[in-house]
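Here's a quick briefing to read with the model open beside you. Have a look at the chains first, then go through the notes.

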Amino acid sequence: MAAANKMFEIISITVSAALVNNIIFVELLGLGFFFSTISNRDLWKLIVTTITLVLVVSSSLFYLTKIYLLDRFALRFLDILSAMLIVSIAANLVLKGLTNLYDIPKLLYNKFLVLVILNSGILYIAISATESENLLKVILNSFFAGFGFSLSLICFNAMHERILELKVPNILLGSPIIIIMAGIVSLAFMGFIGL
Amino acid sequence: MTKLKLLPNIIFVLAALSPALIVMLYQFGWGTALNLGIAIGSALFLELICLRLAKQKIHLNQFASSILIAVFIGISLPPFSPWWIIVFATVLSILGKNAFGINNKHPFNAAMIGYAGTLVSFPGYLATWIIPKSLDLGASQQLSLSESLAITFQTKNIPDSMTGATALEIFKFSDDGLMVDQIYQSNKIFHEAFFMISGWEWINIAFLAGGIFLLLTKKISWESPFAMLAMIVFLSLIFFDNGSSNSGGSPVMHLLGGATMIGAFFIITDPASAPSTSRGKIIFGSIVGFFIYIIRVWGGYPDAIAFAVLLGNFSVPLIDRLTMGQISSKDFDKSTGQN
């Protein structure tokens with residue numbers, strides 16, 4: 001019975017992090033980064049891996065900092081500042097690791113760094129994920145939030161490519177149609193309310 | 001699908017919808033007819049405006065597809081809805097169709113955009129349905145045309161004795177701790193039914209018949225309806241839980257309640273917003289079925305066709321990309337380093 005409860009809890013964390021509180025379509029609809037579409041498909045795999053890894057590393061680091069530093073010395077007003085610091089450190093660490101593993105051109109590396117560090121979504125998830133009770137839940141939560149983030153980015157990229165082939169009216173070309181699309185998808189995600 | 005084929009296809013779809021329309025007219029009286037009339041009228045008017053704005057010639061295809069969308073809107077909204085609800089839903093869907101270009105290649109199912117938008121904006125108006133005629137509660141009788149018009153244009157309120165929750169709503173919002181059999185016993189809509197859910201079983205069976213007609217005439221392919229229904233049956237068998245108080249409901253209730261059949265045979269088979277490969281259609285159908293079940297059972301809404309179809313539509317380009325074969329490495333090499 002206890003094992004079944006644990007299982008159910010894990011499934012509910014998964015679903016709520018990836019779908020119900022989907023970072024792009026539920027929490028922060030105006031996330032700048034996902035409107036800037038990147039045409040190269042294989043770049044997406046890298047971006048997605050980076051985002052998920054950065055998320056997991058930064059939110060677990062932030063969780064530890066929060067418990068052992070901020071809470072202990074009553075420094076909770078430094079929450080956002082320290083989260084920003086930690087997110088940029090984590091992004092650097094992950095990107096250094098990835099550049100050692102894969103061959104990423106220097107130019108892309110810098111672009112990535114800016115994109116990833118400035119990404120308000122990561123900050124947001126990292127802060128909200130640390131509301132969980134223990135480190136395992138923080139890691140699970142941030143991993144699946146990253147999963148939902150990545151899935152929506154990939155779907156959105158594919159959708160954007162399809163829309164480029166359509167004869168969209170001139171007045172809606174460019175970002176208007178993308179915002180309309182995001183609105184429709186966000187409407188669909190409202191179905192998960194109460195899940 | 002080529003443009004030439006569109007018009008005959010839509011006529012076939014309308015013909016396949018007709019048995020269900022007749023059943024709905026019988027069960028809900030003038031309400032359905034008024035819904036359909038207002039929706040079709042406003043859809044044609046809006047389509048005309050959109051074509052004018054786009055400075056396009058008048059295509060028959062355009063009007064045919066907007067009539068089809070209006071019929072779906074008229075079916076999915078509760079009978080005797082206020083007229084402005086119907087117009088609102090139609091405006092959303094026609095805009096959702098034409099924003100992606102005047103060529104009937106909208107990536108999202110237009111009727112479902114309208115329905116989902118209305119459901120999210122005005123949940124109160126869409127919560128109660130008319131009690132079907134076959135579930136005779138004594139007080140309910142058919143309203144005359146003039147009374148129906150008065151209700152639709154809001155000069156008169158609908159009698160309380162005529163409205164009630166749908167079977168899925170009753171099942172979802174019934175008190176905790178009731179076994180499935182107890183829910184069935186305490187609600188007339190279940191235990192007075194000829195087959196599971198009174199009134200709704202015939203509507204869904206009529207949609208099923210229309211769907212089978214479309215399958216036999218090869219106007220739609222079998223993959224996505226089959227995958228969606230199979231997914232719903234599979235999930236509801238797993239979570240049926242022998243009818244305990246935690247049960248998700250029986251497979252028959254999920255198949256014959258709500259809008260399952262119209263969703264499976266008429267909504268997700270829309271060629272513009274469905275994947276193009278047969279493997280893709282199976283994946284698409286299962287995604288839609290999966291979302292329908294989880295939102296119905298654990299989500300906040302009693303029925304979920306619209307949300308599930310929109311979510312499925314959102315994943316269609318990715319499904320197409322994955323099932324149509326990998327991209328060659330040449331494409332990658334060319335564009336590396338260029339953002």
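**Helix packing between and within chains**

Helix 9 of chain A passes helix 16 of chain B in a left-handed crossing (the near helix is turned anticlockwise from the far one by less than a right angle). Keep in mind that this is a predicted model, where local features need pLDDT of at least 70, side-chain atom pairs count only at pLDDT 80 or more, and totals for chains, interfaces and linings use all residues. Residues are numbered from 1 along each chain as its sequence is written, chains are lettered from A and ligands numbered from 1 in the order in which they are written, and side-chain values use heavy atoms, leaving out hydrogens and water.

**Between the chains**
- On the chain A side, A:Ile184, A:Val185, A:Leu187, A:Ala188 and A:Phe189 of helix 9 meet B:Phe307, B:Leu310, B:Leu311 and B:Phe314 of helix 16 of chain B (contact means heavy atoms within 4.5 Å).

**Within chain B**
- Helix 11 (residues 200-216) of chain B also makes a left-handed crossing with helix 14 of chain B.
- Just after helix 2 of chain B, B:Lys55 takes a positive phi of about 55°.

**Confidence in chain A**
- Helix 3 (residues 32-35) of chain A has the lowest confidence in that chain, at a mean of 53, while helix 9 (residues 175-189) of chain A has the highest, at 85.

Terms used. Helices (H or I, at least four residues) and strands (E, at least two) are DSSP runs, numbered from the N terminus. pLDDT is the predictor's confidence in each residue, from 0 to 100.
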